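Please look first at the sequence and the structure shown below. The paragraphs that follow lead from the chain as a whole to individual residues.

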Amino acid sequence: ESKTILYSKNPDTQLLPASITKVMTALVALDHWSDLDAVITVKNEDRAIGQTIDLVKGESITLKNILYGLIVHSGNDAALAVAENYPGGYTAFVKAMNDKAKVLHLDHTTFKNPSGVEQYGHVTTARDLAILASVAMENQIIADMAKTKLITVTDVTGQIAHRLETTNELLGVIPGMTGLKTGWTDNAGECLVS
């Protein structure tokens, strides 16, 4: 509970975080939208690359359901939809991510996008991720979503369904594992903060 570091190795080496980025995306989204029933409208996110939850252009979906897509299934389209619906859009959202990183004293972290796709200068460290994860797991919404293995969410009409399966293969396998987030890109390799 004291968050005392028991062991570290190269804690300040900057690395690519891949989809672990989405932990910050979720925190910033929850900072802005206090109502989980707030509606997110899918614009062009249906064209997102990498892992997606198969959002449909024009779809309206609650913040709660989009966050499940973000945390459980690691949808890049979900991350983009959140950023595009933020006041000021994508650029303002990424700025808010970096502003929150400063507030949390993530001194070696710079975000360039909300999903974690590879981009020059999009980096963090093991120490910064440990801090970010500890803050995120104090948020009951994120903590509950992070331990979800399988869920189906829908748009606001109930017509479009998204079956979401966790990307965390250790969930339910290792006793006590309750989250938090995985990531993968070619250059980042396999990433986990738990």
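The model is predicted, so local features need pLDDT of at least 70 and side-chain atom pairs count only at pLDDT 80 or more, while totals for chains, interfaces and linings use all residues. Residues are numbered from 1 along each chain as its sequence is written, and side-chain values use heavy atoms, with hydrogens and water left out.

The overall form of the chain comes next. The protein chain contains 6 helices and 6 strands, where helices (H or I, at least four residues) and strands (E, at least two) are DSSP runs numbered from the N terminus. Along the sequence these elements follow the pattern α-β-β-α-α-α-α-α-β-β-β-β. Taken along the principal axes, the C-alpha atoms fill a box of roughly 50 × 40 × 35 Å. The radius of gyration of the protein chain is 16 Å, which agrees with the value near 16 Å that a compact globule of 194 residues would have. This radius is taken over C-alpha atoms, and the globule rule is 2.2 Å times the number of residues to the power 0.38.

Among contacts in the protein chain with a separation of 6 or more, 62% are between residues 24 or more positions apart; contact means heavy atoms within 4.5 Å. Of the 194 residues, 48% are buried, a term that means under 20% relative accessible area, with exposed meaning over 50% and partly exposed in between (1.4 Å probe, protein chains only). The protein chain also carries 16 positive and 22 negative side chains, and the centres of the two sets lie 3 Å apart. Lys and Arg count as positive and Asp and Glu as negative, while His and the chain ends are not counted; the place of a charge is taken as NZ of Lys, CZ of Arg, CG of Asp or CD of Glu.

In soluble globular proteins, nonpolar side chains tend to be buried together. Which residues touch the most other members of the largest nonpolar core here? In this core of 48 residues, they are Met24, Trp33, Leu63, Ile66, Leu67, Leu132 and Leu180. Helix H1 (21-32), helix H2 (63-71), helix H3 (76-85), helix H4 (89-103), helix H5 (126-137), helix H6 (140-146) and strand S6 (189-193) each supply at least two residues of the core. H1 gives the largest share, 7 residues. A nonpolar core is a set of buried Ala, Val, Leu, Ile, Met, Phe, Trp, Tyr and Cys residues joined through side-chain atoms within 4.5 Å.

Because 8 of its 9 residues are buried, H2 is largely enclosed by the rest of the structure. The buried residues of H2 include Asn65, Tyr68 and Gly69. Leu67 is found in this helix and is buried, with a relative accessible area of 1%. Leaving aside neighbours within four places in sequence, Leu67 is in contact with Ala26, Ala29, Leu30, Leu36, Val72 and Met145. Leu67 and Leu55 are 12 residues apart in sequence, and their C-alpha atoms are 13 Å apart in space.

The loop between H4 and H5 holds both His105 and Leu106. Is each of these residues buried or exposed? His105 is exposed, with a relative accessible area of 54%, whereas Leu106 counts as buried at 4% relative accessibility. His105 has a positive phi of about 60° although it is not a glycine. With neighbours within four places in sequence set aside, His105 is in contact with Asp128 and Ile131, and Leu106 is in contact with Met24, Ala101, Asp128, Ile131 and Leu132.

Two further backbone features complete the account. Ala18, in the segment before H1, has a phi near 50°, a positive value in a residue other than glycine. Ala18 is buried, with a relative accessible area of 1%. A cis peptide bond, with omega about 20°, joins Gly179 and Leu180. Leu180 is placed in the loop between strand S4 (161-165) and strand S5 (181-185).
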